[in-house]
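Open the model in your viewer and keep the sequence beside it. This tour tells you what to select at each stop.

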Amino acid sequence: MRTLVSLVLFAPLSLVACSDTKDPLDGLTAVPDTSGGDTTSGGGTDGPTSSDGGSASMSASGNPATSATSTGDPPDPTGSSATTSASSPGGDPTSATSTTADPGDPYGQARQLCVDTINMYRATIGLPPYQRWSDAETCSDDEAAADAQSGTPHGAFGQCGEFAQNECPGWPSPAEQSLPDCLAQMWAEGPGEDFQMHGHYINMSSTDYTMVACGFADIGGELWMVQNFK
């Protein structure tokens, strides 16, 4: 039996447990799957401005995804360019090689920044980089748009064939400015066995997944950003 687990981190970095009868943007919510198969739990975070938003994580494994142990303080990803990526998982995470974004994709640079930043963090603990899952990016955009329209993080989870998902709901544009802050909050959770407290970090540092697709949707002036892992 596969168990689906999700959570959302609220800024300013406060986590509040709540029941599944509350708004998923009001804390951490455990939502059982009525199908009797999988079990899903969800939640949300406020962004760094007055608008509601934040980050959320979901894992589709029987147990929380395997993650490596972090050593030392995480790097600051905000200095990373949207067109750079870590050169190797065992090297200096600030050392980067150029990549090229699709000029026809309005979120092309943000997608590469997303993958590069996650891989920069992974490199600090000796993990190999996630591959950019380009084939799922359009679908991930659709998931982000659906979640934004419903106001429910992870509401469309699983539609792209992903096994786990992190989400930054309701952050301000542009993505290149908001995304590093959201990913930094996720990584700052650090390693731990409690998925509700460490789920974002667990998905970002997992050894169970090999790819990540980053999706974006700007609905009503609020930016929703998903990171799908497979």
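Start with R111 and D105. Their side chains meet in a salt bridge, with N and O 2.6 Å apart. The term salt bridge means that a side-chain nitrogen of Lys or Arg lies within 4 Å of a carboxyl oxygen of Asp or Glu. Are these two residues buried or exposed? R111 is buried, at 3% relative accessible area. D105 is buried too, at 16%. Here buried means under 20% relative accessible area, exposed means over 50%, and partly exposed is in between (1.4 Å probe, protein chains only).

A word on the model: it is predicted, so local features need pLDDT of at least 70 and side-chain atom pairs count only at pLDDT 80 or more, while totals for chains, interfaces and linings use all residues. Residues are numbered from 1 along each chain as its sequence is written, and side-chain values use heavy atoms, with hydrogens and water left out.

Helices (H or I, at least four residues) and strands (E, at least two) are DSSP runs, numbered from the N terminus. E137 is buried, at 7% relative accessibility.

**Now select R132.** R132 forms a salt bridge with E137, and the closest N and O atoms are 2.6 Å apart. R132 is partly exposed, at 24% relative accessibility.

**Move to the nonpolar core.** This term means a set of buried Ala, Val, Leu, Ile, Met, Phe, Trp, Tyr and Cys residues joined through side-chain atoms within 4.5 Å. The largest such core has 27 residues. Select I118, M204, V212, F216, M225 and F229, which have the most contacts inside it. Among the elements giving two or more residues to this core are α1 (108-124), α4 (195-204) and β10 (211-219).

**Zoom in on V212.** What does V212 touch beyond its neighbours within four places in sequence? Its contacts (heavy atoms within 4.5 Å) include V115, I118, Y130, W133 and F229.

**Last, step back.** The protein chain has four helices and eleven strands. Buried residues make up 50% of its 230 residues.
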